[in-house]
Amino acid sequence: MIPVLLGTDFTPFDVFALPFMWRALVTVAVLALAAGIIGLFISFRELEFVSDGLVHAVFPGLVVGAALGGSAGLLPGAVVAAILAAVLFTVIDHRGGTGTDAAIAVVLTGLFSLGVVLVSRQEGYVSQLQELLFGRLLTVTDGQLWQIVVVAVVAVGIVLVNWRAQLFRAFDPAGFAAAGFRPLATDLTLSVAVALLVVAGVQALGVLMVIALLTVPMATARLLTRGFSLLIPLAILTPLLAGVAGLWLSFEWSVGAGATVSPGAVVVLLLVAGYGIAALARVLLRSRGAR
């Protein structure tokens, strides 16, 4: 179908009817839905830095999994690394003290460097490193898509099971502890959910791109509305629109202009651009209100 499209004016319906484009779009939609729900607690708990650490910590797991089991080993390796890192970061955070952020930074940089060293020992490591860092959204297979769906559903399910506890913990930490709840257990479940979402997204978007998916949509939603009920819908809609536009633009440039463009990078750039527009609009509205 691609040769036919090259010589004709094609519509978005034609483009997204292509199997690889359809799978990429469904992948973005699944990740947008999961990130919109889990991102609420990442934002209100100010866990962006910890989420960044989890993303980097998954990298050596991906490398070891790929080395031991090929493409089939990516998911198990990433899951093991993500859960171990989630537990480690949560325990470090509960230890508290002025060195907490420094300790997390040391761990995440050490784990990420370990992943780079491991992948550099393999043949063709440059292309492998590029794929792991920036993802391969257009080459997601049916099997990988199902893996992403299952892992994302499990991650969201973990949060929904203790939804009330997570909300209580996010909005009133002191009251949460005083009411007899166990903060460590609640934080561990949230960290595991974030870790699994990282695993779901990293296969398609890569280590670096998944960070934006975890943090930017909810940050944008909080700029657009003060209503709590609208936060999750906006945080889901934002990456979904960026995904559709990013995939379309990357296809248009690649096929129409002959330029090789990373669709994941285009999606992230659109997400960041959306955040910038929302921030600018917020400033303009405030300045107008002050007058």
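Tutor: We'll go through the fold, the confidence, the salt bridges and the surface.

Student: What am I looking at, and how are residues counted?
Tutor: This is a predicted model, in which local features need pLDDT of at least 70, side-chain atom pairs count only at pLDDT 80 or more, and totals for chains, interfaces and linings use all residues. Residues are numbered from 1 along each chain as its sequence is written, and side-chain values use heavy atoms, leaving out hydrogens and water.

Student: How many helices and strands does it have?
Tutor: The protein has 13 helices and zero strands. Both are DSSP runs numbered from the N terminus: helices are H or I with at least four residues, strands are E with at least two.

Student: Where does UniProt put the transmembrane regions?
Tutor: The unreviewed UniProt entry places the feature "transmembrane region" at residues 20-42, 49-68, 104-124, 144-163, 192-216, 228-251 and 263-285. Positions use the numbering here, feature names are shortened, and annotations may be inferred rather than shown by experiment.

Student: What does the model show over residues 20-42?
Tutor: That span is 100% helix and 0% strand, with its end C-alpha atoms 31 Å apart. Residues 263-285 are also 100% helix and 0% strand, and there the end C-alpha atoms are 33 Å apart.

Student: What's the mean pLDDT?
Tutor: The mean is 81, and 86% of the residues reach 70 or more. pLDDT is the predictor's confidence in each residue, from 0 to 100.

Student: Where does pLDDT stay under 50?
Tutor: Over residues 1-7. The model has nine contacts beyond four places in sequence for them. A contact means heavy atoms within 4.5 Å.

Student: Switching to salt bridges. How many are there?
Tutor: The count comes to three. The rule asks for a side-chain nitrogen of Lys or Arg within 4 Å of a carboxyl oxygen of Asp or Glu.

Student: Which residue pairs with arginine 23?
Tutor: Aspartate 142, with the closest N and O atoms 3.5 Å apart. The pair links distant parts of the chain: arginine 23 is in helix H3 (residues 19-44) and aspartate 142 in helix H8 (residues 142-161), 119 residues apart.

Student: Are those two buried or exposed?
Tutor: Arginine 23 is buried, at a relative accessible area of 18%. Aspartate 142 is partly exposed, at 45%. Buried means under 20% relative accessible area, exposed over 50%, partly exposed in between, using a 1.4 Å probe and protein chains only.

Student: Which residues form the salt-bridge network?
Tutor: Arg45, Arg169 and Asp187. Arginine 45 meets aspartate 187 with the closest N and O atoms 3.0 Å apart. Arginine 45 sits in the loop between H3 and helix H4 (48-69) and aspartate 187 in helix H11, so the pair ties together parts that are 142 residues apart in sequence.

Student: And arginine 169?
Tutor: Its side chain meets aspartate 187 at 2.8 Å, N to O. Here helix H11 is linked with helix H9 (residues 163-171), the two residues being 18 apart. Both aspartate 187 and arginine 169 are buried.

Student: How much of the whole protein is buried?
Tutor: Buried residues make up 45% of the 291 residues.

Student: Which residues make the nonpolar surface patch?
Tutor: Ile83, Val87, Val91 and Leu184, covering about 280 Å². Helix H5 (residues 74-95) gives the largest share, three residues. Leucine 184 lies in helix H11 (residues 183-224).

Student: What's the rule for a patch?
Tutor: Its residues have over 30% relative accessible area and no salt bridge; like charges are joined within 9 Å, and nonpolar side chains (Val, Leu, Ile, Met, Phe, Trp, Tyr) within 5 Å. Areas come from the Shrake-Rupley method with a 1.4 Å probe; for residues, only the protein chains shown count as cover.
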